[in-house]
Amino acid sequence: MYTLKVKLPSKNYEIYIKKGLLDYIGIKLKDICSSNKIAIITDKNVNAIYGDKLSMYLNKQGFITKTIVVKPGENSKSLENAEKIYNDLLDFKIKRSDMIIAFGGGVVGDLAGFVSSTFLRGIPFIQIPTTLLAQVDSSVGGKVAVNLPRGKNLVGSFYHPNAVFIDTDFLKTLNKRYLYDGMSEVIKYGCINNKNLFYDLLQYKLESDLFDNLDKIVFTCCSIKKDIVERDEKDLGERMILNFGHTIGHGIEKYYNYSYYTHGEAVAIGMYNITKKSEEVGITQKGTSQEIKTILHKYNLPYKMPNLEKSKLIQPIMIDKKNNNKYFNIVLLKQIGEAFIHKIDLKEINKFI
Ligand SMILES: NC(=O)c1ccc[n+]([C@@H]2O[C@H](COP(=O)([O-])OP(=O)(O)OC[C@H]3O[C@@H](n4cnc5c(N)ncnc54)[C@H](O)[C@@H]3O)[C@@H](O)[C@H]2O)c1
């Protein structure tokens, strides 16, 4: 089993990574939970495949559980849904000493984390991420949120789990498009911080090579994120590096109203196109964008910028919550494995997008 310890000023917690870990979660939770009551928040798809198994392992260890099931998909990350869950938790008589489990992809993780951070001013919670994106990204780092009709993740906080349990066997039942969606974030980690990860991914011949190495890959990605989060928990500086490809990516997602490209696909297009531009202006080592194109193609991810009105793409980027009015931070690569934050004047934006 791979283990990582996240050390923050306010909290320390472990991330456990292992194929088949689900079978041991009940035993492991005995050391983490001070009470015997657990509310599991999950979505309909995950519950249908794994819900009974998780409850059974927890009940076997003496935990009393209640499963709260939401509809799959981004629309579930809403204040209305949070309120429904608060009521379910009240019915279950959850107290501050009890525990919530976020059992699902990034939607469930963000929603259940948000509920945990606000209900009774904070209930301890555990992340059991079941998509690749959630395993390498959203379950680590403490960002929890719900959406408002006017935008994504507009209400939320930084609230860390008491532990993260990652079982890569969950990914066997994941729809292939979501698997590759998560691979986009994995490739991002290779681009920004770890060239060995990038070139290992490039040389795998079969999908089975990928599956055989998933524990190590997820561990590498979580280690990178953990180190960055420890240095910049509140996303005020270095953590921005994790947004490589996301500036253009978010613009594309918004342009298509979150309905055509998945997040990972939009980020893939962003990583390739911003690198092509930074190569053209002599910032990035020549040939880097070609390598990114090759790896994206290998993992069924798009790289071509869709034919869209550029001004409409730039608009949401300009109102991104991380930008001030004059300057704009973009993440660029020097070469594969090395990223940096580049501050540009807003007038220069056309050079890069
Ligand atoms: N908090 C953060 O730091 C952070 C970072 C990145 C993304 N996010 C958020 O994550 C969300 C996207 O997460 P996602 O891509 O995991 O999507 P998701 O949670 O919607 O899951 C994708 C689909 O896969 C299904 N599913 C999940 N696990 C499965 C499994 N093991 N087998 C079969 N089906 C399974 C789900 O039911 C859903 O239909 C977005 O809301 C995004 O804002 C948060």
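This is a predicted model: local features need pLDDT of at least 70, side-chain atom pairs count only at pLDDT 80 or more; totals for chains, interfaces and linings use all residues.
Gln127 stands opposite Val164 in strand E9. Residues are numbered from 1 along each chain as its sequence is written, and side-chain values use heavy atoms, with hydrogens and water left out.

Helices (H or I, at least four residues) and strands (E, at least two) are DSSP runs, numbered from the N terminus. Two strands pair if DSSP finds at least two bridges between them. E6 and E9 run parallel and are joined by two bridges. In E9, Ala163 is the bridge partner of Ile126. On its other pairing, Gln127 is the bridge partner of Ala102.

Strand E6 covers residues 125-129. Five of its five residues are buried, where buried means under 20% relative accessible area, exposed over 50%, and partly exposed in between (1.4 Å probe, protein chains only). In a regular strand the side chains alternate between the two faces of the sheet. E6 has Phe125, Gln127 and Pro129 on one side, and Ile126 and Ile128 on the other. Both faces are covered.

E9 spans residues 163-166. Ala163 and Phe165 point one way, Val164 and Ile166 the other. All of these are buried. E9 also pairs with strand E2 (residues 12-17), in the parallel sense and over four bridges. There, Ile17 stands opposite Ile166.

Now step to E5, residues 99-104. This strand is mostly covered, with six of its six residues buried. E5 pairs with E6 in the parallel sense over five bridges. Ile101 has Ile126 of E6 as its bridge partner. E5 also pairs with strand E3 (residues 37-43), again parallel and over five bridges. Phe103 in E5 is the bridge partner of Thr42.

Step back to the whole protein. It has 14 helices and 11 strands. Its C-alpha atoms fill a box of roughly 60 × 45 × 35 Å, taken along the principal axes. With 353 residues, a compact globule would have a radius of gyration near 20 Å, and the protein has 20 Å, which agrees. That radius is taken over C-alpha atoms, and the globule rule is 2.2 Å times the number of residues to the power 0.38. Buried residues make up 55% of the 353 residues.

Next, look for empty space inside. Rolling a probe the size of a water molecule over the atoms shows where empty space is left. On a 1 Å grid over the protein atoms alone, a cavity is a set of points where a 1.4 Å probe fits but cannot get out; lining residues have an atom within 4 Å of a point. Grid points are joined across faces, edges and corners, and a volume is the space filled by probe spheres set on the points. The structure holds two cavities of 30 Å³ or more.

Which residues line the second largest cavity? They are Asn243, Gly245, Thr247, Ile248, Gly270, Ile274 and Val331. Helix H10 (246-255) and helix H11 (263-280) are the elements that give two or more residues to this lining. By class, the lining has three nonpolar, four polar and no charged residues. Here Ala, Val, Leu, Ile, Met, Phe, Trp, Tyr, Cys and Pro count as nonpolar, Asp, Glu, Lys and Arg as charged, and the others, Gly among them, as polar.

H10 is mostly covered, with seven of its 10 residues buried. Among them are Thr247, Ile248 and Glu253. The loop between H10 and H11 holds Tyr261. Tyr261 is buried, with a relative accessible area of 16%. Tyr261 and Pro302 are 41 residues apart in sequence but 9.3 Å apart in space, C-alpha to C-alpha.

Finally, check the backbone. Most residues other than glycine have a negative phi. Just after H10, Asn257 takes a positive phi of about 55°. Asn300 has a positive phi of about 55° too, in the loop between helix H12 (288-298) and helix H13 (310-318). Phi of Asn153 is near 55°. Asn153 is found in strand E8 (residues 151-158), and at 28% relative accessibility it counts as partly exposed.

Note on methods:
On a 1 Å grid over the protein atoms alone, a cavity is a set of points where a 1.4 Å probe fits but cannot get out, and a pocket is an open set with protein on both sides within 12 Å along at least five of seven lines; lining residues have an atom within 4 Å of a point.
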